[in-house]
Amino acid sequence: MARMKHTLANVIVVGLAFVMGSSQADAKDGDGEGLRVVLGLGPSIPSESFADVYGLVGASREQLWNAFDASAELGIHATGRLRFGLSDQLSIVASASYHRFAGIEQTATLENGQRLQLGSVTNVIPIGVGFQYFVVRSIVSPYVIGDVSFTTTSVTVNEPSSSFASLLRQEGIELSPRTGRFGASVGLGVELGLKIVDPFIEFRYTGANVVGRAESEVVRTFYTVTLGVTL
């Protein structure tokens with residue numbers, strides 16, 4: 001976990017240093033594209049640590065929480081951004097996204113042999129600010145993108161059994177927990193310069209709770225593929 005956090009932080013720092021240094025050379029090429037609106041959607045793919053919690057046996061309070069908080073499979077997301085060009089190649093970006101991860105049906109077997117069913121839905125909402133750097137600006141424009149964000153995560157139970165809901169309450173676990181953490185993301189994409197509406201495809205890796213995570217909290221990392229347009 002510490003290694004992932006350190007690596008992600010290094011990538012962000014190196015990327016920012018690179019694009020800020022490059023922007024000084026780019027400034028002579030023009031004042032940038034001004035303010036543009038970016039809309040996109042696509043699949044969200046949770047990492048193993050986020051997705052795989054199965055077959056709990058002799059569940060403790062921590063294991064129950066992990067099952068409740070971490071169960072997720074392939075999700076979907078929608079994103080909206082405001083992009084402002086500082087130069088022809090470098091832009092600052094403010095964004096808000098919504099990721100919904102459907103719950104996996106799981107069974108927890110307690111020490112007394114009782115079997116409990118669990119199904120949940122995880123909602124992840126990052127609000128961030130960052131950069132977008134175009135390696136080349138032409139009809140086909142590859143770019144790198146990254147940001148830091150404040151991410152709100154909530155978990156809702158999907159038709160829980162009364163026994164499971166009762167046990168969670170007895171253990172002091174919220175049925176609809178909500179947390180706020182600082183995260184970061186990096187990605188690569190390609191935008192087509194069609195002048196009026198510019199379509200793009202983007203691949204991104206996100207750590208939703210890089211900073212401020214509780215000791216027993218599951219690491220939330222996921223990948224996204226976004227198809228969208230820049231207006």
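Some conventions to start. The model is predicted, so local features need pLDDT of at least 70 and side-chain atom pairs count only at pLDDT 80 or more, while totals for chains, interfaces and linings use all residues. Residues are numbered from 1 along each chain as its sequence is written, and side-chain values use heavy atoms, with hydrogens and water left out.

Cavities, then. The structure holds three of 30 Å³ or more. A cavity here is a set of points, on a 1 Å grid over the protein atoms alone, where a 1.4 Å probe fits but cannot get out; lining residues have an atom within 4 Å of a point. Volume is the space filled by probe spheres set on the points, which are joined across faces, edges and corners.

The largest cavity comes to about 230 Å³. It has 23 lining residues, and Ser95, Ser97, Asp147, Ser185 and Arg204 are the closest to its centre. By class, the lining has six nonpolar, 13 polar and four charged residues. Nonpolar covers Ala, Val, Leu, Ile, Met, Phe, Trp, Tyr, Cys and Pro; charged covers Asp, Glu, Lys and Arg; the others, Gly among them, are polar.

Which strand gives the largest share of that lining? Strand 7 does, with five residues. Strands are DSSP runs of E, at least two residues long, numbered from the N terminus.

Ser95 sits in strand 4. Ser95 counts as buried because its relative accessibility is 13%, the limit being under 20% with a 1.4 Å probe and protein chains only. Beyond four places in sequence, its contacts (heavy atoms within 4.5 Å) include Gly80, Arg81 and Asp147.

Strand 4 runs antiparallel to strand 3, with eleven bridges between them; pairing requires at least two DSSP bridges. A hairpin of four residues connects the two strands, and Gly85 lies opposite Ser91.

Next, the largest pocket, about 190 Å³ in volume. A pocket is an open set with protein on both sides within 12 Å along at least five of seven lines. Its lining has two nonpolar, three polar and six charged residues, with Arg36, Asp88, Ser141 and Glu191 among them.

Last, the largest nonpolar core: Val38, Phe134, Tyr143, Ile145 and Phe200. Such a core is a set of buried Ala, Val, Leu, Ile, Met, Phe, Trp, Tyr and Cys residues joined through side-chain atoms within 4.5 Å. Outside four places in sequence, Phe134 touches residues including Ser141, Tyr143 and Glu191.

Methods:
Buried < 20%, exposed > 50% of the residue type's maximum accessible area, 1.4 Å probe, protein only.
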